[in-house]
Amino acid sequence: MNKTLRLLAADWQGGDKPEYYFGAELLSWLAPKNRNQKEVRVPIDHPNNTPLLKNNGVFAQKVVKENVQKSKRIIEEEQPEKIITLGGTCLVSQAPFDYLKGKYKDELGVIWIDAHPDISNPEIFYNEHAMVLGNLLGKGDPELSKIVENQLSLDSILYLGLQEPSFDEKNVLSDLNINYKIQQDKNLNYSEIQEWINKNKFKKIAVHFDLDVLDPSLFRSVYFAEPGKDDFPSDAGNMSLIDITTILTNLFDNNEIVGLTIAEYLPWDAIELKELLNKLSIFNQ
């Protein structure tokens, strides 16, 4: 029997947004339970009203590095064959994907489902969650990259749902020599993804699923649907849950998926209702 670890990693500091913490906890409740899968909570500090400070140009760099190292220690102790990671920001993929690359070597292919490339660095951005894939390639934030033990190879990564990168991101993508396709008008379909898997002879697949790849007019629990906000620094995703469901179910039916990260869940309606309930005195009597 395969040993599957469920990792609850409620990193919120990587995106400097406390709501990611609650999103991770709700994901843990939503994800189907399995008595054969051990769930371990990464001990991440609960959000408070203290503002995060920059270290080396990155908000809470020291803290987010510690969060990744906490995840690494848990994974190394458990030695799983498969990892489900429930986040939190996109940064939560760093430790499990590092481990899976070390375990499966060149057999591992990575499908990065995200509206954004996540290859930023402290010279062009200040939140760590935009640097996680760059870290895994050894080229993101130098402080976080140096704790990656098993770097991903450029040809082992396939973007799904990628929108127009920023000018700086395009320069980084060019420097990294990553082969990517902007998918504003047409996303990759399952057959194209499977063709890539077969061509590269990947026997194991790790999937990073950032929910902001979804169209915020269809799925409102994402960054780009934040109530009262209409100005964002990057483009929103354009996929539907039907699109994602079709692709993921086919991928899982026809491949061995050894890693699944679900990240950046921001359930705004539930958050606002929770805030309302917190104001009612009857709950404190």
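The legends below describe several close-up views of one predicted model.

Residues are numbered from 1 along each chain as its sequence is written, and side-chain values rest on heavy atoms, with hydrogens and water left out. Because the model is predicted, local features need pLDDT of at least 70 and side-chain atom pairs count only at pLDDT 80 or more, while totals for chains, interfaces and linings use all residues.

**View 1. Lys-72 and its salt-bridge partners.** A salt bridge is counted where a side-chain nitrogen of Lys or Arg lies within 4 Å of a carboxyl oxygen of Asp or Glu, and by this rule the count comes to 14. Lys-72 forms one with Asp-98, where the closest N and O atoms are 3.4 Å apart. Lys-72 lies in helix H2 and Asp-98 in helix H3, so this pair ties together parts that are 26 residues apart in sequence. Helices (H or I, at least four residues) and strands (E, at least two) are DSSP runs, numbered from the N terminus. Both Lys-72 and Asp-98 are buried, a word that here means under 20% relative accessible area, whereas exposed means over 50% and partly exposed lies in between (1.4 Å probe, protein chains only). Lys-72 also forms a salt bridge with Glu-149, with the closest N and O atoms 3.1 Å apart. Since Glu-149 lies in the loop between helix H5 (142–145) and S7, this pair ties together parts that are 77 residues apart in sequence. Lys-72 has a relative accessible area of 12%, while Glu-149, at 56%, is exposed. Through shared partners, salt bridges join Lys-72, Glu-76, Asp-98 and Glu-149 into one network.

**View 2. The salt bridge between Glu-78 and Lys-3.** The side chains of these two residues meet with an N to O distance of 3.5 Å. Glu-78 lies in helix H2 and Lys-3 in the segment before strand S1 (4–9), so the pair ties together parts that are 75 residues apart in sequence. Glu-78 is buried, with a relative accessible area of 12%, whereas Lys-3, at 38%, counts as partly exposed.

View 3. Helix H3, which covers residues 94–104, is mostly covered, with 10 of its 11 residues buried. Among the buried residues of H3 are Phe-97, Tyr-99, Leu-100 and Tyr-104, and Asp-98, the partner of Lys-72 in a salt bridge, is also buried. Just after H3, Lys-105 takes a positive phi of about 55°.

View 4. Most residues other than glycine have a negative phi. Ala-60 is not a glycine, yet has a positive phi of about 55°; its place is in the loop between strand S4 (58–59) and helix H2 (61–78). Lys-201, also not a glycine, has a positive phi of about 60°, and its place is in the loop between H7 and strand S8 (204–210). Ala-60 counts as buried, at 4% relative accessibility, whereas Lys-201 counts as exposed, at 68%.

View 5. Pockets are found on a 1 Å grid over the protein atoms alone, as open sets of points where a 1.4 Å probe fits, with protein on both sides within 12 Å along at least five of seven lines, and lining residues have an atom within 4 Å of a point. Grid points are joined across faces, edges and corners, and the volume is the space filled by probe spheres set on the points. The largest pocket holds about 620 Å³ of space. Of the 28 residues that line the largest pocket, Phe-125, His-129, Ala-130, Pro-233 and Ser-234 lie nearest its centre. The lining of the largest pocket divides into 10 nonpolar, 7 polar and 11 charged residues, where Ala, Val, Leu, Ile, Met, Phe, Trp, Tyr, Cys and Pro count as nonpolar, Asp, Glu, Lys and Arg as charged, and the others, Gly among them, as polar.

**View 6. The second largest pocket.** About 380 Å³ of space lies in the second largest pocket. This pocket is lined by 16 residues, and Ile-157, Leu-158, Asn-179, Leu-188 and Trp-196 are the closest to its centre. Strand S7 (157–160) and helix H7 (190–200) are the elements that give two or more residues to this lining, and H7 gives the most, with 5 residues.
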